[in-house]
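Let's walk through this model one piece at a time. Keep the viewer open and follow along.

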Amino acid sequence: MSGFRYSLPEASHNAGQVDFAFAAVLSIALAIFITLLVLIIVFAVRYRRGAPASHAPLPKLLSREIEIGWTVATTFLAIFTFWWFVGGMGLPPRDAPNQLEIHVVAKQWMWKTQHPEGAREIDALHIPVNRQIRLVMTSQDVIHSFYVPAFRLKQDVLPVRSTELVFTPTELGTFHLFCAEYCGTQHSRMTGEITVMTAAGYRAWLHKQPHGDSLVREGENLFDKFGCGACHSTQSQVHAPKLDRVFGSVVVLQDGRQVRADEAYLKKSILDPRADIVAGYAPIMPAYGQYADAGDVEAIVAYLKTLPKQGGKP
Amino acid sequence: MSDTTFVPAPPLDYLHDGATLKSWLLTTDHKRIAILFGLSITFFFFIGAVAISIVRLELLTPAGDLVSDDTYNKMFTIHGIVMVWFFLIPSIPATFGNFLLPLMIGAKDLAFPRINLLSWYLYIGGAAFTVLTLILGGVDTGWTFYTPYSTMFSNSSVLTAAMGIFVVGFSSVLTGVNFIATTHMLRAPGMTWFRMPLFVWAMYATSLVMVLATPVLAMTLLLIMAERWFDLPIFDASRGGDPLLFQHLFWFYSHPAVYIMVLPAMGVASEILTCFARRRLFGYSFMVYALVAIAVIGFFVWGHHMFVSGQSAYANVVFSFLSFMVAVPSAIKVFNWTATLYRGSISFDAPMLYIFGFMGLFTIGGLTGLFLATVPIDIHVTDTYFVVAHFHYIMVGGSVSAFFGALHFWWPKITGKLYPERLARFAAITMFVGFNLTFFPQFVMGYLGMPRRYHVYPPEFQVYHVLSTCGAAVLGVAYILPLFYLIWSFRNGARASSNPWNAKGLEWQTPSPPPHENFLTPPIVEQPYDYQPADIAGGRDAR
């Protein structure tokens with residue numbers, strides 16, 4: 001038996017908070033449990049059959065007051081615990097200025113990660129310490145879950161939709177990455193390693209990586225490859241929505257709904273264009289799900305977010 | 001005691017009233033149907049147990065060296081499906097509920113005896129699909145059938161498995177309708193709502209949940225079948241569907257289903273505790289309100305299974321709050337049971353030992369629920385062994401302990417025979433020890449990050465898995481023991497009087513085993529749990 005884990009490093013900004021909440025709830029739970037245990041044992045011994053003890057009934061008024069008393073006390077304790085630990089810690093952290101955005105694509109049964117400069121990894125992720133990281137995650141097939149116990153963080157990764165995880169690693173080292181949502185045959189092998197490095201170490205590591213295209217550049221290439229511009233460019237004769245400044249804009253749909261063109265909307269419009277037809281346009285675009293995988297769609301959306309390019313297409 | 005001498009009554013008891021196979025398979029007697037259910041769920045209990053034994057053996061080592069990953073996945077799936085739908089949900093209601101509900105309220109049978117028989121045949125129908133699933137090679141989706149895995153990716157027998165659960169669901173709905181109607185219509189004169197034993201209240205609350213929640217499960221399973229069969233994109237996000245819709249529908253049933261499993265156990269605990277403490281139930285009316293409150297609030301907490309699913313942060317906060325609220329009535333019940341012991345005259349026969357076990361383990365299960373209701377903690381421990389340990393403490397530590405408590409407590413009434421007390425106490429204690437050895441290490445490894453449903457795992461968790469597997473072996477012995485001594489008791493046990501525990505419910509006012517018509521003379525209804533301090537004979541000496 002190699003090794004034996006009895007503790008878990010607190011390697012992110014919120015790990016300490018989670019452990020503190022755990023310790024606090026544990027104290028409350030233990031206080032209740034030990035009180036009950038002592039009472040049960042004392043009663044079981046003192047009032048065992050044949051022991052000389054009073055069997056007189058309790059006054060009705062007293063038992064009613066006890067009953068109301070502990071109902072109110074328990075309710076108060078429950079509300080207090082909720083307010084303290086959920087009210088205070090339930091919401092995600094605010095964006096930091098030098099945030100590092102990393103894209104994650106999950107598929108049966110591997111994790112693919114891509115750094116902004118284009119470096120890619122499989123079942124691994126290198127990140128600098130003490131810098132806020134935003135993981136933008138999507139799945140190519142079923143639901144997976146990105147779980148790093150040392151960070152006390154977990155987030156399901158869904159097909160088509162994007163989910164995010166924002167955190168700041170605070171400790172150097174190598175930590176487990178697990179898939180925590182059952183995803184089929186090799187679910188338990190869908191694991192990886194998170195390596196937290198110094199800022200200088202991260203730069204050096206990035207430098208050594210074979211530099212693929214950045215996500216935006218890759219998206220631009222795909223945009224050309226699929227011929228998106230043939231319809232969507234400003235010069236096109238085809239009547240299709242133009243994409244300059246589309247990200248973040250409010251789009252009016254045929255059925256009168258107004259939606260904000262966020263990442264989820266853009267993705268859905270690539271994979272299932274007929275779901276949300278823009279007002280005034282014909283439903284002529286084919287669904288690109290069969291040509292573009294989840295990583296391609298991520299890249300195209302990353303590219304769309306940068307439009308319009310200076311002096312260029314589309 | 002004078003009232004315990006057995007006078008042979010002219011009508012035959014229900015066990016001997018007809019000896020042919022046909023007289024059993026076409027019976028409308030609620031007591032015989034209870035026995036049919038009892039035998040069926042015992043069969044499935046052992047199927048579920050064999051499946052999980054393979055899982056626990058595999059987990060002795062970190063590498064996947066005993067079975068293949070697909071086999072492993074199929075084993076934990078079949079364990080979940082069988083234990084939830086073919087053991088736990090029908091366990092106490094369809095056996096003890098069926099047997100006792102009419103007896104406890106002084107009725108001759110359930111309101112719809114033939115529908116009751118239909119419930120059993122539906123169970124067998126669902127069971128047939130489940131056995132077919134096994135023959136066809138099993139199913140690997142986990143008992144939760146999460147989409148799109150179950151609809152678009154799994155290559156196993158999802159359709160037959162879903163069909164089995166779909167069919168068995170109708171069995172619970174019909175049982176629920178039957179119990180509700182019976183409780184409303186067939187109470188004996190004098191049996192007012194607030195004189196009903198807590199077990200009857202528990203059956204009533206459980207039935208409401210069964211009737212209201214199970215149809216949602218049926219629809220959800222139909223949607224799974226529609227997507228798999230006809231390729232309707234209901235949960236396929238790339239074609240406009242939504243995989244999270246499935247989780248909402250599934251947990252809208254499956255969280256209340258937890259209460260289907262545990263409310264009956266609470267009813268059993270109240271019956272046994274009062275009898276062996278010779279004490280009125282502390283806070284009877286609060287116990288009733290707590291049962292109903294749990295059943296109602298239980299419908300509004302499903303989102304706490306989805307804190308990391310991608311649902312909105314605000315939904316998380318709301319579901320967290322409601323989950324804390326459902327803890328309150330559960331806590332009240334434990335306080336009341338504890339207070340019932342005060343100034344009692346407690347004996348430690350096997351049923352009482354099981355209920356002591358139930359109280360301790362249910363309390364641990366409930367308190368660890370607080371951790372899971374706390375969103376930041378849940379984000380860390382959900383889908384780890386912490387959750388596995390939590391729900392086993394509720395469902396096995398709580399419900400199964402109560403099931404065995406009930407089995408021993410009402411065994412003399414059901415069979416007319418006494419069971420061997422020393423062996424039974426030994427089994428009860430073994431079960432408690434084995435249970436804790438199995439599941440307590442899972443809390444620890446869960447908090448340390450061990451994900452659930454893992455066929456291979458990092459070696460640093462091996463110690464905990466080895467402890468857990470050893471515990472499972474002890475637990476296995478504790479489950480097999482009663483099988484043997486109860487069969488022995490049924491054949492060779494000493495005859496039981498009509499009321500060997502000197503207990504107060506109406507079911508003890510009729511011979512053991514009861515005649516087909518239940519009561520020879522109309523039972524006399526008194527205040528519930530009217531145990532007198534001086535009235536402490538009972539237990540072994542009174543037999």
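## A buried strand in chain A

First, a cut-off: a residue is buried if 20 or more other C-beta atoms lie within 10 Å of its own, with C-beta atoms placed from the backbone. Keep in mind, too, that you're looking at a predicted model. With that in hand, have a look at β6(A): A:His144, A:Phe146 and A:Val148 point one way, A:Ser145 and A:Tyr147 point the other way, and all of them are buried. That makes five of five, so β6(A) is largely enclosed by the rest of the structure.

What does β6(A) pair with? On one count there is β7(A), which runs antiparallel to β6(A) and is joined to it by five bridges; within that pairing, A:His144 has A:Val157 of β7(A) as its bridge partner. The hairpin of these two strands has four residues between them, and there A:Arg152 takes a positive phi near 55°. β6(A) also pairs with β9(A), again in the antiparallel sense, over two bridges. Here A:Phe146 stands opposite A:Cys179 of β9(A).

## The five-stranded sheet of chain A

Elsewhere in chain A, five strands make up an open sheet with mixed pairing, and the order is β3-β2-β1-β5-β8. The edges belong to β3 (120-122) and β8 (163-167): each has a single partner strand, so one side of each is left without a neighbour in the sheet. Ignoring direction, neighbouring strands are turned by 20° against each other on average.

Zoom in on β1 (residues 100-107) and β2 (residues 110-114) of chain A, an antiparallel pair joined by five bridges. A:Val105 is bridged to A:Lys112 of β2(A). Helix α7 (residues 294-304) of chain A packs on this sheet, touching β1, β2 and β5 (133-139) of chain A, and its direction makes about 155° with that of β1(A).

The loop between β1 and β2 of chain A holds A:Trp109, and the peptide bond leading from A:Gln108 into A:Trp109 is cis, with omega near -5°.

## Where the chains meet

How many residues does each chain bring to the contact? Chain A puts in 73 residues and chain B 70 residues. On the side of chain A that touches chain B, α1 (15-46), α2 (60-87), β6 (144-148), β7 (153-157) and β9 (173-179) each supply at least two residues. The most comes from α1(A), with 13 residues. Sorted by class, this side of chain A has 40 nonpolar, 21 polar and 12 charged residues.

Over in chain B, the axes of helix α11 (residues 350-373) and helix α14 (residues 421-447) come within 8 Å and cross at roughly 15°. Angles under 35 degrees count as roughly parallel, and α11(B) and α14(B) are therefore roughly parallel to each other. The crossing of α11(B) past α14(B) is left-handed.

Among the residues that meet there are B:Leu353, B:Tyr354, B:Gly357 and B:Leu361 from α11(B), and B:Ala428, B:Ile429, B:Phe432 and B:Phe435 from α14(B). The residues of this contact divide into 11 nonpolar, two polar and two charged.

Is B:Met163 buried or exposed? B:Met163 sits in helix α6 (residues 158-185) of chain B and counts as buried because it has 21 C-beta neighbours inside 10 Å. Its C-alpha atom is separated by 20 Å from that of B:His255, 92 residues away along the chain.

Some background before the last stops: most residues other than glycine have a negative phi, and most peptide bonds are trans. In chain B, the peptide bond from B:Thr147 to B:Pro148 is cis, with omega near 0°. B:Pro148 lies in the loop between α4 (113-135) and α5 (149-153) of chain B.

Next come two positive phi values. B:Asp231 has phi near 60° and belongs to the loop between α7 (198-230) and α8 (243-277) of chain B; with 11 other C-beta atoms within 10 Å, B:Asp231 is exposed. B:Arg343 also isn't a glycine, yet its phi is positive at about 60°. You'll find B:Arg343 in the loop between α10 (313-341) and α11 of chain B, and its 19 other C-beta atoms within 10 Å make it partly exposed.

Technical notes:
Residues are numbered from 1 along each chain as its sequence is written. Chains are lettered from A and ligands numbered from 1 in the order in which they are written. This is a predicted model: local features need pLDDT of at least 70, side-chain atom pairs count only at pLDDT 80 or more; totals for chains, interfaces and linings use all residues. Two residues are in contact if their C-beta atoms, placed from the backbone, lie within 7 Å. Ala, Val, Leu, Ile, Met, Phe, Trp, Tyr, Cys and Pro count as nonpolar, Asp, Glu, Lys and Arg as charged, and the others, Gly among them, as polar. A residue is buried if 20 or more other C-beta atoms lie within 10 Å of its own, exposed if 12 or fewer, and partly exposed in between; C-beta atoms are placed from the backbone. Two strands pair if DSSP finds at least two bridges between them. Axes are lines fitted to C-alpha atoms, for helices over the stretch in contact, and angles run from 0 to 180 degrees between N-to-C directions. Angles under 35 degrees count as roughly parallel, over 145 as roughly antiparallel, 65 to 115 as roughly perpendicular and the rest as oblique. A crossing is left-handed if the near helix is turned anticlockwise from the far one by less than a right angle, and right-handed if clockwise.
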